[in-house]
Amino acid sequence: MGFIRVSSLTTTKNEEVAMFRFRFYVCLFAFFLATIFSVSYSSGTENFPDERDKIRKVWLDATRTVVHRIRDQQANKIFQFVEKNSILGIPNEKGVLVAEDAKSANWFIIIPLREEDKKINQEWAMIFEASLVGCFVKEIRSLVLMDYIPFSSNIKAIVLLHEGYHAKIFCENPYEEQSDYEYCLEEVRVCTFQNRVMSLIGGKKYQAILNKEVKRIASLANVSKGSFSVPSRTEYNKELAKVFGKPASQIEKDFVQTSVWIHAVFTFLEKKFKKESLKQKVFFLKKIYEEGGIL
Ligand SMILES: [Zn+2]
């Protein structure tokens, strides 16, 4: 069983190295997306296969259903933001093609990615390789949905709400650059929201699975001054299918189990560190992103 060790005692030197890698990564990404990629506008709709619009509608409908069911004020606000401000985009060799006019100053693009988009060019192929379920790319104000991966309805809603929250944070308060800390702090905010959405969808059944996972983590965790370690994720817990529905793919299983694990670690850190837990959550996510090559 692998352990993930998180140290909060980062020296200035380590911090600088991490920052450099982060900037490099973002610059590289920004280079592809902001210079090679461009946003172009289509005068007609002939370049917009109905298919792509249908995909967006499926994701929005799935999210609407969940938002109506859970009656969470923040989820409602995020969904309304997405419905009001999103415009459809199609990936092309130059970047992204947009046919709709921006509906507001807070406009952003939703790009449903399909399997064949991998062949457009190397830059798009790179996004396929990043093993993400969705992402918000601020350089092209685009929320990318990995529709080529099969997801069940509830999970589509969770992914769209998560990325929609990132889109909302950016559009309402655009930033040039984020430090590693700011980047991870935003992730803590968004993951905390996602955790609540999952609890509201899953009710008591989800709470029982979560409690078990918190127990497992607490029994195997090590906390020493300035650092802690927690056990890594387990295989997909089949009980989760009774909560969120039958998973549509292995990637969905991995995503759901990882989400439960993160939720459980957050809960463990809150119990262990009380008011200090925010900082520990930031370091925990930072470690995950570093290991995943995102930072
Ligand atoms: Zn996120």
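Guide: Ile-111 stands opposite Val-144 in strand 7. A word on the source: this is a predicted model, where local features need pLDDT of at least 70, side-chain atom pairs count only at pLDDT 80 or more, and totals for chains, interfaces and linings use all residues. Residues are numbered from 1 along each chain as its sequence is written. Strands here are DSSP runs of E, at least two residues long, and helices are runs of H or I, at least four; both are numbered from the N terminus. Two strands pair if DSSP finds at least two bridges between them.

Strand 7 covers residues 142–145. Strand 5 (residues 108–112) runs parallel to strand 7, joined by 4 bridges. Strand 6 (residues 134–137) is also joined to strand 7 by 4 bridges, but this pair is antiparallel. There, Phe-136 stands opposite Leu-143. Strand 6 and strand 7 form a hairpin with 4 residues between the strands. In that hairpin, Arg-141 takes a positive phi near 45°.

Now the side chains. Ser-142 and Val-144 point one way from strand 7. Leu-143 and Leu-145 point the other way. All four are buried, that is, 20 or more other C-beta atoms, placed from the backbone, lie within 10 Å of the residue's own. Across the protein chain, 34% of the 295 residues count as buried. The chain's secondary structure comes to 9 helices and 9 strands.

How values were computed
A residue is buried if 20 or more other C-beta atoms lie within 10 Å of its own, exposed if 12 or fewer, and partly exposed in between; C-beta atoms are placed from the backbone.
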